[in-house]
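Open the model in your viewer and keep the sequence panel beside it. This tour goes from one selection to the next and says what to find at each.

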Amino acid sequence: MGALRLRRPGSASAWLWLLLGAAYFLIPLVATFLFSIKDKNTGSCCSLSAYSFILDDPEFWRTIKLSFYLALETIAISLLLFVPTVYWVHLKLPRLKPVVGFLALIPFVVPPIILVVGLLDFYRGSPDWFYAKPYGFLVAAYVILAFPYVYFSLDSGFRAIDVHTLTEASLNLGASWPRTMLSVILPNIRAAAVSAAFLTLAIVMGEFTIATLSAFHTFPTYIQYVNETQAYPAAAVSLMSFGITWAAMLAILLIGRRPGARQVQIAGTR
Amino acid sequence: MLVGAFKSADGSATVGNIRELFESSQIRNAYKTSIEISLVTAILGATLGLLIAYAAIREGTPRWIRSAFTTFSGVAANFGGIPLAFAFIATLGTIGIVTQFLQNQLGFNIYLHNFSLFSKTGVEITYLYFQIPLMLLVIAPAIDGLRREWSEASSNLGGSRLQYWRHIGVPILLPSILGAVILLFGNAFAAYATAYALTSGQVNIVPILIGNDVRGNVFTNPHEGHALAFGMFVVLAVMMLVYVPLQRRVSRWAR
């Protein structure tokens, strides 16, 4: 029976689909790579001039640093806001959990292109240090954008531990609330917090819609600028951007290989 | 945004912006193209994603292939926007690798045969790059949920493979598939960056129109962008109203 099962019909077509899928996914990546090693001026193979063009461009370093700092700020604010919130919901307000499940749908109904229209309006007239600065306006938008992903990542982390027992044990032993939070709860949800951070990093490093429509120059808008002006360096910088997404998502996958961890899948960079 | 959709250029309340959504032919066409692109990529993406997911998960396929595909999908579903658009320009653009290959090796210039990457078809091909992996991720748990006992019970009772799929497999997967199609539809419907970078903002879809309004490229009614965004919001909200009950049905078979 076992041998028969393995050879049931359709096995050849299964391989065909896998091959087609692999080809469709890999060819654009290979093509981008082949483009990136062409000579910047002559278009002939093979040279690293496209990469050195990007790496020598001060604008590249300025925008990638800006995007990275924005990501760090978004991560810090998100974790500061949501770690205590999720903790409290799990400890005292479990009734709220289904309400929160509804929040998962928000990025679907209000995608970045709608969000940016609303936010530009809502914050119009707010002071310049906020509205005109990426560290203000953009980060506010990114915290909203990242919220569902951060929330669900943390939620699965809290689900995997016994919040009540840990809290009671800590309080009974004489620890204060802040101490309980810092030295009992935080170490236990570290993996969830780290994967939330990487997810946010991937979102912020790739987010184009909100940045360009509110006229800020971040890393994705730099890629778009290179796209419009320089074909071969554009391939190089696109590959670098893919590399950042790869690294962030692989980090999440590696951290997420624990029982009970739920994978959060869709980020909002399209 | 909701309030803005109902304001006229001078700030008084009106439903004129919303009426314009139905009357302006450019806007109507934009919604039509948007919905068309989203439908095509959702249905194609779901079909191809399902076939690939099943091929990767079914018994008899080595484990490493399965984990390679799911891991890659986790990453590829997050590719998107500007770099993805460029990857396709490097592949199927006028001097793209595949275009050149077809031209030089087979003497076939796809650009002389009505193909352009910078058109609706091009946008659809590019969107599939994140739609298929997303389908794979969403549908894999449902395929995993098809218990081996069911197929054994079916064949013990004399059912053929076809009968198994017709009466057991497809009916159980159907709510998951429909849910995934809706998710994919919304995913394509809301995408801005990819289409913008690919066509330099030339393709007439709703997010691009909103973008133009926000940038102030078109000096018309400043509230038109709000009305457009409101229209998108309504479409997506309706999708959600179908999606939520579907998810309830899906969870019935979840282990």
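Select chain B. Among its contacts between residues at least 6 apart in sequence, 75% join residues at least 24 apart. Keep in mind that this is a predicted model. Reading along the sequence gives α-α-α-α-α-α-α-α-α-α-α-α. Of the 255 residues in chain B, 44% are buried.

**Stop 1: a glycine in chain B**

Pick B:G186. Which helix holds B:G186? The residue is in α9 of chain B, which runs over residues 161–189. Is B:G186 buried or exposed? The cut-off for buried is 20 or more other C-beta atoms within 10 Å. B:G186 has 23 such neighbours, so it counts as buried.

Now show what lies around this glycine. Set aside its neighbours within four places in sequence. B:G186 is then in contact with B:L236, B:M239 and, from the other chain, A:F108. B:A237 and B:G186 are 51 residues apart in sequence, yet their C-alpha atoms are 9.7 Å apart in space.

**Stop 2: where the chains touch**

Show both chains and select the contact between them. Chain A gives 51 residues and chain B gives 55.

Next, zoom in on one helix pair across the contact. Select α14(A) and α5(B). Their axes are 8 Å apart, and the packing angle is about 25°. Angles under 35 degrees count as roughly parallel, so α14(A) and α5(B) are roughly parallel.

Show the side chains of this pair. From α14(A), pick A:P220, A:I223, A:Q224 and A:N227. They meet B:G81, B:I82, B:P83 and B:F86 of α5(B). How many residues of this contact are charged? None: five are nonpolar and three are polar.

**Stop 3: chain A as a whole**

Chain A has 15 helices and zero strands. Its length is 270 residues, and 39% of them are buried. Take the contacts in chain A with a separation of 6 or more: residues 24 or more positions apart account for 78% of them.

Colour chain A by domain. Domain 1 covers 11–38 and domain 2 covers 54–255. Their centres, taken over C-alpha atoms, are 31 Å apart. Where the two domains touch, five residues come from domain 1 and five from domain 2. The domain 1 side has two nonpolar residues, two polar and one charged.

**Stop 4: a covered helix**

Select α7 of chain A, residues 112–122. Eight of its eleven residues are buried, so this helix is mostly covered. Which residues of α7(A) are buried? They are A:P112, A:I113, A:I114, A:L115, A:V116, A:V117, A:L119 and A:L120.

**Stop 5: two helices packed within chain A**

Select α12 (residues 190–206) and α15 (residues 231–255) of chain A. These helices pack at about 165°, with axes 9 Å apart. An angle over 145 degrees counts as roughly antiparallel, and α12(A) and α15(A) are therefore roughly antiparallel to each other. Turn the view to look along the line joining them: α12(A) passes α15(A) in a left-handed crossing.

Now show the contact residues:

- α12(A) brings A:A191, A:V194, A:S195, A:F198, A:L199, A:L201, A:A202, A:M205 and A:G206.
- α15(A) brings A:S241, A:I244, A:T245, A:A248, A:M249, A:A251, A:I252 and A:I255.

By class, this contact has 13 nonpolar, four polar and no charged residues.

**Stop 6: an alanine with a positive phi**

End at A:A215. This residue is in the loop between α13 (209–213) and α14 (219–229) of chain A. Check its backbone: phi is positive, about 65°, although A:A215 is not a glycine. Most residues other than glycine have a negative phi. Is A:A215 buried or exposed? A:A215 has 12, so it is exposed.

Key. Residues numbered from 1 in each chain as written. Chains lettered and ligands numbered in written order. Predicted model: local features only at pLDDT ≥ 70, side-chain atom pairs only at ≥ 80, totals over all residues. Helix = DSSP H or I, 4+ residues; strand = E, 2+ residues; numbered from the N terminus. Contact = placed C-beta atoms within 7 Å. Domains from an automatic or database assignment. Nonpolar A, V, L, I, M, F, W, Y, C, P; charged D, E, K, R; others polar. Axes fitted to C-alpha atoms, helices over the stretch in contact; angles between N-to-C directions. Parallel < 35°, antiparallel > 145°, perpendicular 65-115°, else oblique. Left-handed = near helix turned anticlockwise from the far one by under 90°.
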